[in-house]
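Me: I would like to learn how to read this model feature by feature. Please give the general idea, then the case here.

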Amino acid sequence: MTLPLDHDGFLRRECPHCEQEFKWHHGPASEEAEQENDPDTYYCPLCGHPAGLDSWWTQVQIDQIQHAALPAALQAMEQELSGMFRGASKKHFSLEQTGSFDTAEAPTPLVEMDDMTIIISPCHAYEPVKIPEIATSPFYCLVCGSPFAV
Ligand SMILES: [Zn+2]
Ligand SMILES: [Zn+2]
């Protein structure tokens, strides 16, 4: 299960506080970034509130992840039911298993558009983010939450 990045290597994120979308760079953006430890917390570039690393999924990404898990769960259930029916027929019950679960169609793969504008904070320039074109200053550093204007 992989989530798509845009052509600059950015991953779409949604702030759990202000529910606005932005993107952060996936993986180290430079050699300098590689030297840094991954922080436990990132700050929303749009509202400045911090949240843990796992708090930034967009609704579309959550749907995608849940769909990816679904077919396997259905198949496991179907096998279990088939086993029950086999056991039942031995005892001469006239049970018939009709049809089977439709295997859920694979969801359309997500496509990441090359939208939004790259901004770079003056304090942590190695961690660029993309923000919607309509967003206005101040913005907040992803790494430390310091406000800055572009
Ligand atoms: Zn926010
Ligand atoms: Zn900073």
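Me: What should I know about the source before going on?

Reply: This is a predicted model, where local features need pLDDT of at least 70, side-chain atom pairs count only at pLDDT 80 or more, and totals for chains, interfaces and linings use all residues. Residues are numbered from 1 along each chain as its sequence is written, chains are lettered from A and ligands numbered from 1 in the order in which they are written, and side-chain values use heavy atoms, with hydrogens and water left out.

Me: Which residues coordinate the zinc ion (ligand 1)?

Reply: Donors are N, O and S atoms within 2.8 Å of the metal (3.2 Å for Na, K and Ca); water is not among the atoms, so sites may look incomplete. For this ion they are the SG atoms of Cys15, Cys18, Cys44 and Cys47, at 2.2 to 2.3 Å. Their sequence spacing is C-x2-C-x25-C-x2-C. Cysteine 15 sits in the loop between β1 (10-14) and β2 (21-25), and cysteine 47 in the loop between β3 (41-43) and β4 (50-52). The pair links distant parts of the chain, 32 residues apart.

Me: What is the geometry of that site?

Reply: Four donors count as tetrahedral if all angles lie between 85 and 135 degrees. The four donor atoms of ligand 1 make angles of 103 to 115°, and the site is tetrahedral.

Me: Is cysteine 141 buried or exposed?

Reply: Buried means under 20% relative accessible area, exposed over 50%, partly exposed in between (1.4 Å probe, protein chains only). Cysteine 141 is buried, at 1%. Cysteine 123 is partly exposed, at 40%. Across the protein, buried residues make up 29% of the 150 residues.

Me: Which residues have the most contacts inside the largest nonpolar core?

Reply: A nonpolar core is a set of buried Ala, Val, Leu, Ile, Met, Phe, Trp, Tyr and Cys residues joined through side-chain atoms within 4.5 Å. The largest one has 19 residues, and Phe22, Trp24, Trp56 and Ile131 have the most contacts inside it. Strands β2 and β6 each give two or more residues to this core.

Me: What does tryptophan 24 touch?

Reply: Contact means heavy atoms within 4.5 Å. Leaving out residues up to four places away in sequence, the partners of tryptophan 24 include Phe10, Tyr42, Trp56 and Val129.

Me: Which peptide bond is cis?

Reply: The bond from serine 137 to proline 138 is cis, with omega near 0°. Proline 138 is in the loop between β6 and β7.

Me: Where is glutamate 19 found?

Reply: Glutamate 19 is in the loop between β1 and β2. Its phi is positive, about 60°, although it is not a glycine. Glutamate 19 is exposed, at 57% relative accessibility.

Terms used: Tetrahedral: all angles 85-135°; square planar, octahedral: opposite > 155°, others 65-115°. Helix = DSSP H or I, 4+ residues; strand = E, 2+ residues; numbered from the N terminus.
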